[in-house]
Structures are given as C-alpha cells and as structure tokens.
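This briefing concerns the pockets and the surface of one protein model. Please consult the sequence and the structure shown here alongside the points that follow.

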Amino acid sequence: MRLKTKYEIGSIPLSEHPTPQSARDTWMNLNGKWSFYKESATGERSYEGEILVPFSPETLNSGIPSDFALHPKESLHYKRRVVLDDSCLLGCTVLHFGAVDSFCEVYWNGVWVGSHRGGFTSFSFDISSVVRKGENDLTVICTDEATRNGGARGKQSDKRGGIWYTPQSGIWQTVWIESMPKNHIQNLKIFPDADLCTVRISSDSFGEAQTACVFDGEREILSVRYHEEAVLRYDFEPWTPENPKLYRLVITNPSGDLVHSYFGVRSFGTCRDTTGKMRLTLNGKIYFFNGVLDQGYWSDGMLTYPSDAAVIDELQMLKDMGFNTVRKHIKVEPMRWYYHCDRIGLAVWQDFVNGGGDYKFTHVAAFPFLGFHHRDSDYRYFAREDRSARAEYKEMADEILNQLFNCVCIAVWVPFNEGWGQFDSAYFTEYVRKRDPSRLIDSVSGWHDQGVEKTSMRSLHTYYTPLRVPKDPRPVVLSEFGGYSMKVTGHVFDEQIEFGYKKFRNSEKLLGALRVLYLKKVLPLIEKGLSACIYTQVSDVEEEINGLVTYDRCVVKIPAREMRAINESLMEEAKKIRREKTK
C-alpha cells in the first residue's frame, strides 16, 4: 500500500540549493513538472502526461499512476522548456543531475550533450555551446537495466520482499543549471587536520589567483591569496558530533566568480587503549561510534525524500535519541543530506552501492553464518564474472570519493556489504586508502573477511547469535545488529506481511527489549574492545518493519528521551576507555 508522509512537496520540490559544499548564487532549479512518457522497444508510448521531477515514476509523489513499472528494453522520455536570461549565460553554463537511475542520454536544444551510467552518483555537462537566451529545450532519455545487467542497483530487486525493495527508475535527484565566468573556480578540495589544527584547500581557476576568506559566524578570521593550494592556520575549534563546529569559506577570483563553501576540522584514526586493544579515534581521542543503519527509503518518494524539512526532522530525531552516527546503507544521498549531518552533528559511515549478478543466499549469507569466509578473487562465487560491471563499480567508487570528499561528517567508507557483489576487496581497500587517507575503511562489512593484513577493521553483523568481541589485532565494530520489529497498524506497507529479526507487539515491550540489548549485551562489550555499534534501523521499509519510526514517518516507536537515556549509559561506559600513552 502506498503511504503518504506528512511533508508538503510543493510545485518545485526540493527547491533549496543542492550543493551547500560548493554553491554559487547564479543557478536555476529545474525540478517541477516535466513532460513524460514511457516507450516500448517497438515505439509504443504509454503514461503520456506530466511527471513531478525529481520523483521516479514508480513513486506516489511523481503523479504517475500506481500501476507503473519499467520493463526490459523500455525507456523513459523526459522533456521540459527552460527559459534563460543573461544571469545564466555568464561564459560557462553547466547542467547538473543529482542522480538518474541508471543510464541516460541528455539533449539540449536537440543536440546530444552527454550520457551517464550509474544510478547513484551525480554528473554534469557543459552546455555553454548550445544554450541561448530565451527558450531552450531539455530532453532526457533513460533506461534502467541495473537490476539485470550487474550494474549498481542497491536494495532494488525485481523480486522484491524482505530486505529487497521495489525497483525505481529515471531522475530521482535534483536537476539544476549553474552559470559562472569562463575562468571559474573548479575542483575544490578541502583537507582538514585536527591534529595539526590546519586546513589545506586546493582548487583551480584557469591560472588566475584565488582568494579564500574564512568566517566564524559573520566574523572574517582569515583571508589567503593563492593559485592552486593554500594552508589555513588558525586556532580552529574541532568538529565533533557533540560540538559540530563549522566555518564558512568563500572563494573568489578576478573574473568575478564566487563560491560558497564551509568546513569542519576533524581527524579520524585508530589507536591502542591502555589494555592494548585497538580503538577508533576522533581528533586523536578514543571515540565510540554509536549509530543507526539508514536505508534512506521514503513511503511516497522511495529513494527521494519529500522535502528538506523531512531530512532535518529525521536526523534531529536521531540526535535527540542520543545517537552520534548514521550508517548510510547502500545508497548515496543528495548533498544536502550530508550538509545537515555536518551541521546537526552526526558522523556518517558511507556505503558504496552493490552490483553484480544474482544474490545467492547460501554463498553470501548461510556459509559465513556457519563461519566460512570465501576468497573474493573468485568472481563466479560472488556473481561478479561480468568484466564491464566490475569496471562500472570502480568508476562509481571514484565518483563517490570525489563527490563526497568535502563532507565533514563522513568518517568511514564501506566498499562492500555482506558479500553483495564483493570482489577484490583488498585491492579496493588500498585504492580507497590512497585516494582518501583521512578516513577509516570498513572493507567488507559483516562477512567474508579477507584477513588481518587486507582489511582495516573487523566488522561484524549479528542478529541471531550472541553478541561477542573476537580476538583481533584490528578495531572490532558491530556494524549491524538489532533489527527489532514492531507493526503499527495503518502505517505499514503490507498489513499481512512483516519482516524483522525479533517481533514485538507494542512500544513498551520493544523499549524493554532495547534496554536489555544495549545495557546487558552491548555495554559489557565496550570494555572488551568493541569500538562501534550500528543498530538496524532508522525506519521501516516496505515489509521490513524494524525501524525506530514507521515507513511514512508518522509514528516514532520509541520515545526519544527513553532511547537517549539508553545511549547516554552506553557512552558513559565508552568514556572510561583510555588511550595508551604514546612513547
């Protein structure tokens, strides 16, 4: 059953600037009503009319009838007229897409301007040579074979049910135009270091000098002129979830370009405690990452959240419950989601998106449950024989690392989860580490660990067996656990089918079980070496009803103050762990 959230989407949904980490004043949001139709392989059209971008046609918010489904060899055709004035013709005009699932070709005024494959990452095209003042025509043609061809699909499945969800297609994040001078600022990268109390920035501006101004609130505290790179030195206040301090950054060049950004100063790492156990650190101090798994699915928009307010409410709910971390599971969110984590104060463990062939329960889940971990160079075992799909994964990894690099909140990269399309994880661990040495890596979250020398932490998923901390020279994290379910009648996707790892009938029983889980089972493990725990999960998704809040976000199952009290006890225990003194 389709469920509506309480959030208004408006005639131009998600109208806020989509990239607060790199924003110009000269931009235009292209969300709203577009002309739309589906076309079969034989050229027959259906569902002709209008769609509300950026919602996929399978969603309630799109305005498309509920029986919509995209079948093999069918395509989606989007079109809209765009009226531009001189503010959009400053010398360079760029067309941006937050995400399109999964392959698209784009035409501006009938001219092909580019294509993109991969349904979860952003991309853009320089359309300077084809734009004109006044009316312009934009056409986007999409196909989506990712659930069948081994491409990145995330939790989408043609055989939905349980932990696999209804597939969607087409445009599902914001589309916008940005204009800037021909000589403009590009490739902005921010490298904060809390240990040295410095921030290194790099950017290009076609050979022109640039000026970086740093503000603490409205007060300018630094101004540095540079060409390609600058090091900012100041008594910066460190960023933590408890004190999410951000500094505003403005970069300009002589051609008149101006980019708004921001940064927080923090460092992630590992160390030994006084008993010799390896621990995770934040800003050089032992830190216990206490978080929740977040699928990022919404009842009326699926992968697309309905509004900025919806995201703020959900993240603030987690903060009010006493959590300090969110594991973003098998999905890349719009950039504003990370901005809100930055400013609210939630560390993020960011998953890459899985692909590959058919999911084999025995290979991926049953055998590791019995203690068998398979080598991931065996492409056939993990359904990764397709060379082009493996190449697509690497390209997607590059896009994710580049797109999210400046997000303050991201503490951990998660290349693979539970063996879903896993391959060559030792190579990718080292690859990610070289691309971004500033963050931690949960190489193979859950199962199919490839050994001490090849992964950066011991990552456990435990739902049915007793919680424990195995002996290991790496930090040990409980990257998934819990999954307790509670049905709220009238707020579920299916009144007859419910999936969860342990079922409870009311809030009182669920709360009591969570107290036992956290205080009797998790808390004692901290002293034994547990460095993080990630509870499953933030919200219900379709029949999977093990969320802290219902799928439609209407009912919070556990009072925030009660969950906060549990988490405060956990964090008090974590504060007792002391770092070994360096020699």
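**Pockets and a surface patch**

The second largest pocket has a volume of about 790 Å³. The model is a predicted one. For the largest pocket, the volume is about 1100 Å³.

**Second largest pocket**

- A total of 36 residues line the second largest pocket, and Phe369, Trp447, His461, Thr462 and Tyr463 lie nearest its centre.
- Helix H4 (361–369) and strand E30 (458–462) are the elements that give two or more residues to this lining.
- By residue class, the lining of the second largest pocket holds 18 nonpolar, eleven polar and seven charged residues.

**Largest pocket**

- The lining of the largest pocket consists of 37 residues, with Thr19, Ser22, His96, Ser124 and Asn402 nearest the centre.
- Two or more lining residues come from each of the strands E5 (92–97), E9 (123–126), E12 (175–180) and E13 (186–193), and from each of the helices H3 (335–344) and H5 (387–403).
- Strand E13 gives the largest share of this lining, namely four residues.
- The lining of the largest pocket comprises 17 polar, 13 nonpolar and seven charged residues.

**Nonpolar surface patch**

- Phe367, Phe369, Leu370, Phe372 and Tyr464 make up a nonpolar patch on the surface, and together they have about 610 Å² of accessible area.
- Phe369, a member of this patch, is also among the residues nearest the centre of the second largest pocket.
- Phe367 is located in helix H4.
- The relative accessibility of Phe367 is 35%, and the residue therefore counts as partly exposed.

Note on methods
Residues are numbered from 1 along each chain as its sequence is written. This is a predicted model: local features need pLDDT of at least 70, side-chain atom pairs count only at pLDDT 80 or more; totals for chains, interfaces and linings use all residues. Side-chain values use heavy atoms; hydrogens and water are left out. On a 1 Å grid over the protein atoms alone, a cavity is a set of points where a 1.4 Å probe fits but cannot get out, and a pocket is an open set with protein on both sides within 12 Å along at least five of seven lines; lining residues have an atom within 4 Å of a point. Grid points are joined across faces, edges and corners, and a volume is the space filled by probe spheres set on the points. Ala, Val, Leu, Ile, Met, Phe, Trp, Tyr, Cys and Pro count as nonpolar, Asp, Glu, Lys and Arg as charged, and the others, Gly among them, as polar. Patches are made of residues with over 30% relative accessible area and no salt bridge: like charges are joined within 9 Å, nonpolar side chains (Val, Leu, Ile, Met, Phe, Trp, Tyr) within 5 Å. Accessible areas come from the Shrake-Rupley method with a 1.4 Å probe; for residues, only the protein chains shown count as cover. A salt bridge is a side-chain nitrogen of Lys or Arg within 4 Å of a carboxyl oxygen of Asp or Glu. Buried means under 20% relative accessible area, exposed over 50%, partly exposed in between (1.4 Å probe, protein chains only).
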